Amino acid sequence: MDLHRRIKKYLRKHISKKRYIHTLNLTKLALKLAKHHRIKKLSEIETAALLHDCGKGLGDCDKHSFLATKIAKKKFSVKDKDILNAIKYHTYGSRKMNKFSKVIYVADISEPSRKFKEAKRIRKYAFENLDKAMLLALSTKMKYVLDEKKPLSLEGVILYNKLINRRLR
Ligand SMILES: [Fe+2]
Ligand SMILES: [Fe+2]
């Protein structure tokens with residue numbers, strides 16, 4: 001069985017139906033975005049998209065991106081750094097994100113089943129400029145985190161500052 005079919009089979013067994021539908025929506029959007037931004041590693045984008053939430057529902061929810069990275073390595077023998085980083089950074093962001101990771105991040109936050117009000121705008125920006133979409137995604141997430149009185153991700157803040165400063169120059 002090929003890798004993507006194997007992953008889907010695993011997901012149907014291990015994550016909720018709602019999470020599985022989110023994963024398929026994200027995969028579709030991430031592939032569209034990757035083509036639009038001329039990323040050549042489309043099969044790898046699909047692998048990252050399918051695996052990004054595979055750790056959800058197992059253990060600590062706040063750490064699901066790190067758990068998913070481990071599962072990708074151990075269970076599916078993923079070695080590609082772009083895939084592993086995109087999975088690892090999809091919740092909190094990182095200053096080390098490249099175009100590949102940004103596609104997964106913005107597709108995750110703005111796929112069509114996301115119902116909060118900025119989702120549509122993030123999705124629209126994502127086809128214009130990935131960094132513009134990242135900025136709105138990061139600020140939306142930060143506002144939510146502040147409202148919920150949860151801790152901010154330092155890496156997310158660093159990335160936000162990096163993108164804001166670049167835009168001002
Ligand atoms: Fe996630
Ligand atoms: Fe997700």
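Predicted model: local features only at pLDDT ≥ 70, side-chain atom pairs only at ≥ 80, totals over all residues.

Me: How are α2 and α3 oriented to each other?
Reply: Helix α2 covers residues 17-36 and helix α3 covers residues 42-51. Their axes lie 9 Å apart, at an angle of about 155°. Angles over 145 degrees count as roughly antiparallel. The two helices, α2 and α3, are therefore roughly antiparallel.

Me: Is the crossing of α2 and α3 left-handed or right-handed, and which residues of α3 meet α2?
Reply: The crossing of α2 past α3 is right-handed. On the α2 side, the contact uses Thr-23, Leu-26, Thr-27, Ala-30, Leu-31, Ala-34 and Lys-35. Their partners in α3 are Leu-42, Ile-45, Glu-46, Ala-49 and Leu-50.

Me: How many residues of the contact of α2 with α3 are nonpolar, polar and charged?
Reply: The contact joins residues of α2, among them Thr-23 and Lys-35, to residues of α3, including Glu-46. The contact divides into 8 nonpolar, 2 polar and 2 charged residues.

Me: Why is α3 called oblique to α6?
Reply: Helix α6 spans residues 99-110, and its axis comes within 10 Å of that of α3. Angles under 35 degrees would count as roughly parallel, and 65 to 115 as roughly perpendicular. The axes of α3 and α6 cross at roughly 40°. That angle makes α3 oblique to α6.

Me: What residue classes make up the contact of α3 with α6?
Reply: Ile-45, Ala-48 and Ala-49 come from α3. They meet Phe-100, Val-103, Ile-104 and Ala-107 in α6. The contact divides into 7 nonpolar, no polar and no charged residues.

Me: How many residues of α6 are buried, and which helices do the buried residues pack against?
Reply: Helix α6 is mostly covered, with 11 of its 12 residues buried. The buried set includes Lys-102 and Asp-108 as well as Phe-100 and Tyr-105. The buried residues of α6 pack against α2, α3, α5, α7 and α8.

Me: What span should α8 have at 1.5 Å a residue?
Reply: Helix α8 runs over residues 130-147, 18 residues in total. The expected span takes 1.5 Å times one less than the number of residues.

Me: Which residues of α8 are buried, and which residue just after α8 takes a positive phi?
Reply: The buried residues of α8 are Leu-130, Ala-133, Met-134, Leu-136, Ala-137, Leu-138 and Lys-141. Just after α8 comes a positive phi of about 55°, at Lys-149.

Note on methods
Residues numbered from 1 in each chain as written. Chains lettered and ligands numbered in written order. Axes fitted to C-alpha atoms, helices over the stretch in contact; angles between N-to-C directions. Helix = DSSP H or I, 4+ residues; strand = E, 2+ residues; numbered from the N terminus. Left-handed = near helix turned anticlockwise from the far one by under 90°. Contact = placed C-beta atoms within 7 Å. Nonpolar A, V, L, I, M, F, W, Y, C, P; charged D, E, K, R; others polar. Buried ≥ 20, exposed ≤ 12 C-beta atoms within 10 Å, placed from the backbone.
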